[in-house]
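Reader: I am new to this. Please show me how to read a few features, one at a time.

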Amino acid sequence: MPHASIPTPPAAAAMPSRNRRRLLLGGAGLAGLLLSGCGFKLRGPQQLDFATVHINASELSELGASLRRLIATTGSTTVVDDPAKADARLQILANNRGREILSLTGAGKVREYQLTQTLRFQLLDKSGAVLLPPTAISAAREYTFDDSQVLGKEQEETLLYNDMQQDLLQQLMRRLASVQRAH
């Protein structure tokens with residue numbers, strides 16, 4: 001004899017789902033209140049203390065173009081071409097990339113590389129006074145290497161360098177945002 005199931009009314013079946021939804025919404029609201037109460041703020045565009053800035057990196061270079069885009073997102077600072085018209089002058093002193101062997105296989109082939117990128121810069125005001133002394137920031141990434149996948153590993157290396165550069169630019173923007181000019 002087949003077992004007959006008792007149909008449940010639609011309202012009763014939806015009840016646990018509604019309670020779960022209310023609980024999740026209440027928990028998310030409580031988490032939002034707690035985070036706002038402790039001073040947590042999502043990282044967004046950094047406000048800079050100067051209205052105009054000159055950058056000595058070419059706008060055609062990847063570094064120069066990315067830096068100009070980041071500064072444009074601040075909403076408070078514009079990049080100018082003439083250093084004499086700038087409130088601040090950002091000088092990129094060096095942007096170096098490197099690759100070092102980390103480990104070898106038993107056969108003497110490269111197993112791992114470490115990629116590094118170092119960015120040196122300084123910030124001067126309109127009169128040439130130092131706002132940020134020459135500063136170096138660096139990033140490093142490691143990756144495994146396989147001779148049979150050379151093309152894929154070259155692409156991975158390019159992606160890692162791009163990631164490091166974005167990391168360095170974010171660090172640079174935080175440093176620039178911390179500068180307080182004497183008004």
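Reader: Which strand holds His54?

Author: Strands are DSSP runs of E, at least two residues, and helices are runs of H or I, at least four, numbered from the N terminus. His54 lies in strand S1, residues 52–55. This is a predicted model, where local features need pLDDT of at least 70, side-chain atom pairs count only at pLDDT 80 or more, and totals for chains, interfaces and linings use all residues. Residues are numbered from 1 along each chain as its sequence is written, and side-chain values use heavy atoms, leaving out hydrogens and water.

Reader: Is His54 buried or exposed?

Author: Buried means under 20% relative accessible area, exposed over 50%, partly exposed in between (1.4 Å probe, protein chains only). His54 has 15% relative accessibility, so it counts as buried.

Reader: What is His54 in contact with?

Author: Contact means heavy atoms within 4.5 Å. Neighbours within four places in sequence are set aside; the partners of His54 then include Val80, Pro83, Ala86 and Leu90. Asp81 is another partner. The His54 side chain reaches the backbone oxygen of Asp81 at 3.4 Å.

Reader: What covers the buried residues of H2?

Author: Helix H2 spans residues 62–72, and its buried residues include Leu63, Leu67 and Ile71. Their cover includes S1, strand S2 (78–79), strand S3 (88–104), strand S4 (110–125) and H3.

Reader: Why does Leu160 count as buried?

Author: Leu160 lies in helix H3, residues 150–177. Its relative accessibility is 17%, so it counts as buried. Beyond four places in sequence, Leu160 is in contact with Leu115, Arg141, Glu142 and Tyr143.

Notes: A polar contact is a pair of N or O atoms within 3.5 Å; within protein, one must be able to donate a hydrogen and the other to accept it, and residues adjacent in sequence count only if both atoms are side-chain atoms.
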